[in-house]
Amino acid sequence: MKPDLIITGDGKKYEAFSKIAPTVLIPFTLEMDETLEEFSRILDKEEEVKAWLDDYHQRVAKAKQTVQNIISKDQTVTILAGGAKNDITLYSNGYTGRSFYDGLGLTPPSKVIDDIDPEKPWLQLSPELLTEYAGDYIFMAVDKATETYDYKSEPVWKTLDAVQNDQIFEIDGWSFWFSDPISILGQIEEVTEMIAQQVKGK
């Protein structure tokens, strides 16, 4: 392929890649701002990235304030995937959970923090364990093109406060999986709109 530059997040392959072309290692563990700043230096786009990040942080701050005016710090939020099925995935601060906990500053139940390894920020659950992890609000990632569930008719689900209080929301699992900056901003603003609309409807 004869590249002029290789950018990788894989430290184990850095040496092999650097024999092909100049190679820059950007670890996957960097926070979003740091990652963008690294790219800005490599590509000589520092002014453009600074402007984008300034706009990003203003929009996130506005969304965060809106959500935190509705969901207080002492209320908890659980992020799940799979719908009302046998196999449920619980997320902490990674993948589908990143926009909620990092972006919007929402609080997970303490058991989520205790039981999920930060290096592997998800956990497979059976429905019987839901009551141990369910927060005051639940966001459920599903395939929105084909799936929606009546949680109030499901034996375990209907016992949860979030379901009884109509504080369970379905989000599109595909679009909430990604953690690039544009996706995160879109997720944060979408969640904010969902919560605000629910309050208006009460």
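Before counting, I set the terms: buried means under 20% relative accessible area, exposed over 50%, and partly exposed in between, with a 1.4 Å probe and protein chains only. On that basis I found that 41% of the 202 residues of the protein count as buried.

I noted that this is a predicted model, in which local features need pLDDT of at least 70 and side-chain atom pairs count only at pLDDT 80 or more, while totals for chains, interfaces and linings use all residues. Residues are numbered from 1 along each chain as its sequence is written, and side-chain values use heavy atoms, with hydrogens and water left out.

Overall build. I listed 8 helices and 7 strands; these are DSSP runs numbered from the N terminus, helices being H or I of at least four residues and strands E of at least two. Along the principal axes, the C-alpha atoms fill a box of roughly 60 × 35 × 35 Å.

Sheet. I traced an open sheet of 5 strands in the order β5-β4-β3-β6-β7, with mixed pairing (two strands pair if DSSP finds at least two bridges between them). β5 (122–125) and β7 (168–172) stand at the edges with a single partner strand each, so one side of each has no neighbour in the sheet. From one strand to the next the twist averages 30°. Axes here are lines fitted to C-alpha atoms, for helices over the stretch in contact, and angles run from 0 to 180 degrees between N-to-C directions.

I then checked β3 (residues 77–81) and β6 (residues 137–142): they run parallel and are joined by 5 bridges. V77 has Y137 as its bridge partner in β6. I also saw α8 packed on the sheet, touching β6 and β7, with its direction at about 150° to that of β7. Contact means heavy atoms within 4.5 Å.

Loop residue. I looked up K144, which sits in the loop between β6 and α7 (161–164). Is K144 buried, exposed or partly exposed? K144 counts as partly exposed because its relative accessibility is 44%. Leaving aside neighbours within four places in sequence, K144 is in contact with E170, I171 and D172. For K144 and E170 I noted a C-alpha to C-alpha distance of 7.8 Å, at 26 residues apart in sequence.
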